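Q: Could you walk me through this one? I'd like to go strand by strand and then look at the metal sites.

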Amino acid sequence: KNRSPDDLRSPVCVVMGHVDTGKTKLLDKIRRTNVQEGEAGGITQQIGATYFPMDNLRNITERLNKDLSIDVKLPGLLVIDTPGHESFANLRHRGSSSANVAVLVVDIMHGLEQQTIESIKMLRAKRVPFVCAINKVDRCYGWQPLPGAPIRESLAQQPENVFSEFETRTQQVITQLMEQGLNAKLYYENKRFKQVVSLVPTSAHTGEGIPDLLMVLLTLTQRLMVEQLMFSPIMEATVLDVKKIEGVGTTVDVLLMNGKLRRGDTIVVAGMNGPIVTQIRALLTPQPAKEMRVKGEFVHHEELRAAMGVKIAAQNLEDAIAGTSMFLLTDDDDEDELKDAVMAD
Ligand code: GTP
Ligand code: MG
Ligand code: NA
């Protein structure tokens with residue numbers, strides 16, 4: 001009764017792949033930010049969250065959507081960036097656990113690598129459907145960039161030898177995916193979204209293929225996941241990170257997957273020394289299309305709707321544990337039951 005196909009929440013999309021394939025850079029291009037260059041050694045070491053409102057996505061996909069004209073009812077897209085370095089498998093697990101859909105990023109010059117294969121295994125085990133971005137196409141020798149263009153426009157204007165290198169390398173990726181038991185096709189040749197992995201050639205440097213990537217994600221989620229994406233009043237969230245912030249105290253970065261959070265709500269989270277029951281003092285988000293990890297202006301909210309990356313300020317969060325569920329304590333709930341549930345997670 002509470003759920004309707006006209007009332008959808010934003011899908012959660014996790015970006016995964018081997019180290020340095022360009023995951024953060026792709027998001028930087030979409031956000032018009034420079035998060036990657038601020039990272040120590042250019043290596044992502046945390047989970048990031050960015051909310052893209054639909055207006056923002058509509059602008060980027062406009063040129064493509066003229067032909068396809070899908071009617072997107074989703075409010076937006078919440079994108080989770082993960083580290084590709086081998087030592088952060090736990091963060092990849094955490095990031096992919098709550099995802100509705102994923103982008104697996106492959107470097108066209110390298111093909112499938114160790115963490116690409118690890119990511120495929122994780123996504124399949126968690127049954128998260130994914131598309132594969134074949135990134136860094138601009139590194140094909142002699143590439144003629146067409147900044148921000150849909151990928152077919154860009155491919156159409158490449159000299160023959162460049163197009164031929166692109167085709168050979170893409171075919172190699174298709175063969176390597178086949179070795180992992182996956183059928184894959186360039187997305188514009190793929191009519192079987194559910195059975196066949198769509199490949200989207202991209203460049204995070206020139207922005208080519210990014211309209212395509214977003215369009216494919218929106219189409220996939222809107223067509224295949226309406227049931228899963230119907231807004232539910234039951235709050236669902238996990239703790240992504242625990243952080244000390246100057247002037248605010250200890251905060252938790254939370255991935256709100258369904259339902260709503262309000263300032264003043266009582267939450268239950270797992271702590272090193274037992275369950276923590278505390279009241280939300282502030283509900284914060286970065287500006288739309290900005291990254292959660294980055295220091296900057298946070299926006300205060302009275303109420304937030306899923307899906308969203310949320311920073312929560314409250315007392316007693318010092319020993320909160322990342323990677324566990326967060327519950328709401330309402331008048332109808334049994335506090336001891338929730339405390340047990342949160343510690344069992
Ligand atoms: P981790 O998060 O550490 O796993 O890396 P990542 O996958 O986020 O890759 P990142 O965005 O840090 O990019 C790695 C390097 O590749 C940087 O030097 C980027 O500038 C470069 N790079 C990323 N995308 C592209 C691209 O499309 N073309 C070219 N030429 N270089 C790229
Ligand atoms: Mg990164
Ligand atoms: Na990197």
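A: Let me start with one pair of facing residues in this predicted model: threonine 238 stands opposite serine 325, the latter in β17.

Q: Which strand pairs with β17 there, and in what sense?

A: That is strand β8, residues 236–245, which pairs with β17 in the antiparallel sense over 2 bridges.

Q: And what does β11 do with β17?

A: Strand β11, residues 266–269, also pairs with β17 in the antiparallel sense, here over 4 bridges, and valine 268 stands opposite phenylalanine 327 of β17.

Q: Is β17 mostly covered or mostly open?

A: Strand β17, which spans residues 325–329, is mostly covered, with 4 of its 5 residues buried.

Q: What is the strand order of the sheet these belong to?

A: The order is β12-β11-β17-β8-β9-β16-β13-β14, an open sheet of 8 strands with antiparallel pairing. The edges are taken by β12 (276–279) and β14 (298–301), each of which has a single partner strand, so one side of each is left without a neighbour in the sheet. From one strand to the next the twist averages 40 degrees.

Q: What packs on that sheet?

A: Helix α9, residues 335–344, packs on it and touches β11, β12 and β17, with a direction that makes about 175 degrees with that of β17.

Q: How many bridges hold β11 to β12?

A: There are 4 bridges between β11 and β12, which pair in the antiparallel sense, and the bridge partner of valine 269 is isoleucine 276 in β12.

Q: Changing topic, what about the sheet with β4 in it, what order does that one have?

A: That open sheet has 7 strands in the order β2-β3-β1-β4-β5-β7-β6, and its pairing is mixed. Both β2 and β6 (184–186) stand at the edges with a single partner strand each, so one side of each lacks a neighbour in the sheet. The twist averages 25 degrees from one strand to the next.

Q: How much of β4 is buried?

A: In β4, 7 of the 7 residues are buried, so the strand is largely enclosed by the rest of the structure. Val101, Val103, Val105 and Asp107 point one way from β4, while Ala102, Leu104 and Val106 point the other way, and all are buried.

Q: What are its partners on either hand, starting with β1?

A: β1 pairs with β4 in the parallel sense over 5 bridges, with valine 15 standing opposite valine 103 of β4. Strand β5 is joined to β4 by 6 bridges, and these two run parallel as well; in β5, alanine 133 is the bridge partner of valine 105.

Q: What does alanine 133 face in β7?

A: Alanine 133 stands opposite valine 200 in β7. The strands concerned are β5 (residues 130–135) and β7 (residues 197–201), which run parallel and are joined by 3 bridges.

Q: Which helix lies across β1, β4 and β5?

A: Helix α4, residues 114–125, lies across those three strands and runs at about 145 degrees to β1.

Q: And α7, how long does that helix reach?

A: Helix α7 (residues 210–224) has 15 residues and reaches 21 Å from its first C-alpha to its last, close to the 21 Å expected at 1.5 Å a residue. It is mostly covered, since 13 of its 15 residues are buried.

Q: OK, metals now. What are the protein donors of the magnesium ion?

A: The magnesium ion (ligand 2) has Thr24 (OG1) and Thr44 (OG1) as its protein donors, lying 2.0 Å from it. Threonine 24 lies in helix α1 and threonine 44 in the loop between α1 and β2, so the pair ties together parts that are 20 residues apart in sequence.

Q: Are those two threonines buried or exposed?

A: Threonine 24 is buried, and threonine 44 is too.

Q: How accessible are aspartate 20 and glycine 42?

A: Aspartate 20 counts as partly exposed because its relative accessibility is 47%, whereas glycine 42, at 18%, counts as buried.

Q: How far apart are the two ions?

A: The sodium ion (ligand 3) and the magnesium ion (ligand 2) are 4.5 Å apart.

Note on methods. Residues are numbered from 1 along each chain as its sequence is written. Chains are lettered from A and ligands numbered from 1 in the order in which they are written. This is a predicted model: local features need pLDDT of at least 70, side-chain atom pairs count only at pLDDT 80 or more; totals for chains, interfaces and linings use all residues. Side-chain values use heavy atoms; hydrogens and water are left out. Donors are N, O and S atoms within 2.8 Å of the metal (3.2 Å for Na, K and Ca); water is not among the atoms, so sites may look incomplete. Buried means under 20% relative accessible area, exposed over 50%, partly exposed in between (1.4 Å probe, protein chains only). Two strands pair if DSSP finds at least two bridges between them. Axes are lines fitted to C-alpha atoms, for helices over the stretch in contact, and angles run from 0 to 180 degrees between N-to-C directions. Contact means heavy atoms within 4.5 Å. The expected span of a helix is 1.5 Å times one less than its number of residues.
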